[in-house]
Amino acid sequence: RLWGGMLSTLSHIYAFEGWRAFYRGLGASTLGLSHIAIQFPVYEWTKATIGHMARPATVGGGSREREGRGQSLAGGAPLRPARSVAESTAEEQQPTWVVLAASFASKLLASTVTYPHELVRARLQDQRVTAGKGAHYNGIIDVVSQTVRREGVAALWHGFRVNLVRAVPQSMITFGLYEWLIWRI
């Protein structure tokens, strides 16, 4: 049996590959922060924009839930559009479909832009160092250049569609639950 447990595995990796093997792919994993840096602002902007467009014009300039109650067009109040996008979405719960649409769009965009880092990270972490041979890749730039040279630019998105099948519904559930909890707590 090659692996006898966690300590045996750790000592084997250290003995044959060195301490750097424990950090292989860390730089590429750090690039994953760019995904969040894209997804969250896009989510908030999309939620605000869709929510603002979906909200009907209200009487008196306020939201239907607040200042618009009891006022009618016959009462002489002018019909004005709802408050600005930033003002209205920060204070009001958005319909579920708006949250789901915003989470879908933000995850799709962030994943499209940042997916190559997933491929780079996986290739760096998966390479095996064998006795007498070094690692197949020498770092992030080497993975990208070898992949593009051998397989073409589109190869940087290998597995992208499968990833979306997992990531998009997960994102929609996460943001939907987050928004639901925000307004219940």
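Predicted model: local features only at pLDDT ≥ 70, side-chain atom pairs only at ≥ 80, totals over all residues.

Trainee: How is the packing of two helices described?

Mentor: Two packed helices are described by the angle between their axes and by the distance between those axes. Here, helix H5 (residues 96-126) packs on helix H7 (residues 160-184) at about 140 degrees, and the axes are 8 Å apart. This angle makes H5 oblique to H7. The crossing of H5 past H7 is right-handed.

Trainee: Which residues make the contact between H5 and H7?

Mentor: On the H5 side they include Val99, Leu100, Phe104 and Tyr115, and on the H7 side they include Phe160, Leu164, Phe175 and Glu179. Sorted by class, the contact of H5 with H7 comprises 11 nonpolar, 7 polar and 2 charged residues.

Trainee: How many salt bridges does a search of the whole structure find?

Mentor: The search finds 4 salt bridges. A salt bridge requires a side-chain nitrogen of Lys or Arg within 4 Å of a carboxyl oxygen of Asp or Glu. Glutamate 44 and lysine 47 form one of them, with an N to O distance of 3.4 Å. These two residues are 3 residues apart in helix H3 (residues 33-54), so about one helical turn separates them.

Trainee: With which residue does lysine 47 form a salt bridge at 2.8 Å?

Mentor: That partner is glutamate 179, and the 2.8 Å is the distance between the closest N and O atoms. Lysine 47 lies in H3 and glutamate 179 in H7, so the pair ties together parts that are 132 residues apart in sequence. Both lysine 47 and glutamate 179 are buried, whereas glutamate 44 is partly exposed at 38%.

Trainee: Where do arginine 123 and glutamate 151 lie?

Mentor: These residues form a salt bridge whose closest N and O atoms are 3.0 Å apart. Arginine 123 is in helix H5 and glutamate 151 in helix H6 (residues 140-151), so that distant parts of the chain, 28 residues apart, are linked. Through shared partners, salt bridges also join Glu44, Lys47 and Glu179 into one network.

Conventions. Residues numbered from 1 in each chain as written. Heavy atoms only, no water. Axes fitted to C-alpha atoms, helices over the stretch in contact; angles between N-to-C directions. Helix = DSSP H or I, 4+ residues; strand = E, 2+ residues; numbered from the N terminus. Parallel < 35°, antiparallel > 145°, perpendicular 65-115°, else oblique. Left-handed = near helix turned anticlockwise from the far one by under 90°. Contact = heavy atoms within 4.5 Å. Nonpolar A, V, L, I, M, F, W, Y, C, P; charged D, E, K, R; others polar. Buried < 20%, exposed > 50% of the residue type's maximum accessible area, 1.4 Å probe, protein only.
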